[in-house]
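Colleague: I would like to go through this model with you. Could we begin with the side chains and then move to the overall fold?

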Amino acid sequence: MEKLPVEILTTILLLSMDSRQRHSRRRLSLVCPIWSSIISQHPLFWTEVGLHRTAKEFREVLQRNKAGPLDVSWTPHHPQKPVGEVAENLMELISSESRRWRSLTLKGYVSDRIQNQLIQVPNPQLININICDLRNASGMVLDFPLNPEGLPLRNVVLGGAALDWDCSRLKGLRSLRVQGLRENQPTLLQLHKIISSSPELEVAILASWNWEFPGSADAPPNLDAIRLQYLNPLILDSINPNVVGGISSLIAAPNCQNLRIDWARANVVQDQYAASRLADLLHGLSKGASALFLTYNPIYRDISLADENDRGDEGSTNILEATSKLAKRRGLYFHFRVPNAAEDNVPQPQEESLGILIRNVFRPALSGLNIPVQFHLWTESEDGPGELAPDVLFDFDFITSLKLSSYPGFISTIDYLASPQPCPGEDDHIRPGSWPCPYLEKITVLCKKGNFQGLRDALDRLRRNRAQCLVEGGAVGPRGPHLEDQRPRPIKEIIIKNYKGAVFQTWSEEGWILWEVD
């Protein structure tokens, strides 16, 4: 290492720095005198200027970095407290260096002095902004008036604050993270302009938006989809369904391996273009999954698709998480609320809307994939409402495993799967002999003890009918649309449990096995 040229060693040390520059300097300087000398003399090891630090630390950074870029931050431990006298004096000093700012991080209380010396100053070299919860003395959330003159931004993190979405510096972005917008939201056209001018966008996180796109009814219906080959992840978390549909129609991300979309709704079902874009996103990510899980609750009309690495229960998205950590994540979580004609002012009833979603989004997303897909159909109470018409299962022709939990119609559902069902052909005539869920191989049912015998009889009928059909001839075709003469796969495993999860009885190729349950 000592024989390396100073330039190469300096580059290695810079790449070894983490987000806490001050701690990294101390740690690396203790290795040897050569490293310590390089770190003490090179300005790029001294870029962080924290106004909440001591005056001694502050002046040491400016002394060692007299002409290089500066990363300025005001993130006090108590954001609601007014700025102290020491910080105000340091603020005046750093304000005079605003033309070499590279990054600006602001959070908390904003006084008139902060406005004048940290916000309303020329910053032509600024490329990274992290602005969260700016508030004035009255507690009102403030937007960030970005100076329009300067280099294009690379990384934008906004928490509760908005920008001028037509600003000429919002182009060439590598990272866009916006959370908790309340006012001054972008239109669909503005967002399309920002994304289309950022072909190398790597991270897109839009979280906690509770509004619709303004002027969406007047927006051109056919905005071109933008190919973002480097995008990973794409996270749309707890935002209005209108926004989900709009953004999914704008983005084509063939290499995205981390996708989280929460609360899509009717607009995705009704808009064929948005549905096809969303299916493309799901398909690209599903290819890397080893197993997928579909969950549906007829009472709340919630359906989700997740892979085995992300069941969708991670909580709120952290938009401040490091890009390097986000890029290493792999996962899929798509959450959809099926519309109901009685409540959501859509023409289709609940079952038809669910069928449209399956046909327009899930089926094309999962076509050609040879991976297990489990479908979990559940309600909170077996005695409560929420039974789904069994023929809706006909659209779930790609599932390999079915789980029924606290579900009032489990026997009628199992009987539906035990025989061929008519299905509409391309010319709208009914084709006989099509088995629902032809790839189904495993069934798990949670039931009460009193329903056990009737349930077992229904499962025996299902198992025998499918096995007999296979013996009589025909073969299981490749996974895809229903075929008229297609035979179902035989049932290989059945599990019956009680509500506590204890197993009553199981069936496999060796026959039924009774388990003792307290």
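Colleague: To start, which side chain does Glu60 meet in a salt bridge?

Modeller: Glu60 pairs with Arg64, at 3.3 Å from N to O. A salt bridge here is a side-chain nitrogen of Lys or Arg within 4 Å of a carboxyl oxygen of Asp or Glu. Please note that this is a predicted model, in which local features need pLDDT of at least 70 and side-chain atom pairs count only at pLDDT 80 or more, while totals for chains, interfaces and linings use all residues. Residues are numbered from 1 along each chain as its sequence is written, and side-chain values use heavy atoms, with hydrogens and water left out.

Colleague: How are Glu60 and Arg64 placed in helix 4?

Modeller: They are 4 residues apart in helix 4 (residues 55-64), so about one helical turn separates them. Helices (H or I, at least four residues) and strands (E, at least two) are DSSP runs, numbered from the N terminus.

Colleague: How many salt bridges does the count come to?

Modeller: By this rule there are 11 salt bridges. One of them joins Arg463 to Asp460, with the closest N and O atoms 2.7 Å apart. Both residues lie in helix 15 (residues 452-471), 3 residues apart, about one turn of the helix. Both Arg463 and Asp460 are buried. Elsewhere, salt bridges that share partners join Arg174, Glu200 and Glu202 into one network.

Colleague: And which residue forms a salt bridge with Arg100?

Modeller: That is Glu97, with the closest N and O atoms 2.9 Å apart. Arg100 is buried, at 13% relative accessible area, whereas Glu97 is partly exposed at 26%.

Colleague: Changing topic: at what angle do helix 1 and helix 3 pack?

Modeller: Helix 1 and helix 3 (residues 33-41) pack at about 80 degrees, with their axes 11 Å apart. They are therefore roughly perpendicular to each other. The contact (heavy atoms within 4.5 Å) is made by Val6, Leu9, Thr10 and Leu13 of helix 1 and Ile34, Trp35, Ile38 and Ile39 of helix 3. Axes are lines fitted to C-alpha atoms, for helices over the stretch in contact, and angles run from 0 to 180 degrees between N-to-C directions. Angles under 35 degrees count as roughly parallel, over 145 as roughly antiparallel, 65 to 115 as roughly perpendicular and the rest as oblique.

Colleague: What about helix 2 and helix 3: what is their angle?

Modeller: Helix 2 (residues 21-29) and helix 3 pack at about 150 degrees, with axes 8 Å apart. That makes the two helices roughly antiparallel. Arg25, Leu28 and Ser29 of helix 2 meet Trp35, Ser36 and Ile39 of helix 3 in this contact.

Colleague: Where does Cys437 lie?

Modeller: Cys437 lies in the loop between strand 18 (430-434) and strand 19 (442-446). At 1% relative accessibility, Cys437 is buried.

Colleague: And Leu173, where does that residue lie?

Modeller: Leu173 is in the loop between strand 5 (155-159) and strand 6 (175-179), and is buried at 2% relative accessible area. Leaving aside neighbours within four places in sequence, its contacts include Leu153, Val156 and Ile194. Leu173 and Arg154 are 19 residues apart in sequence, yet 4.3 Å apart from C-alpha to C-alpha.

Colleague: Finally, the whole chain: how many helices and strands are there?

Modeller: The protein chain has 15 helices and 22 strands. Buried residues make up 51% of its 518 residues.

Conventions: Buried < 20%, exposed > 50% of the residue type's maximum accessible area, 1.4 Å probe, protein only.
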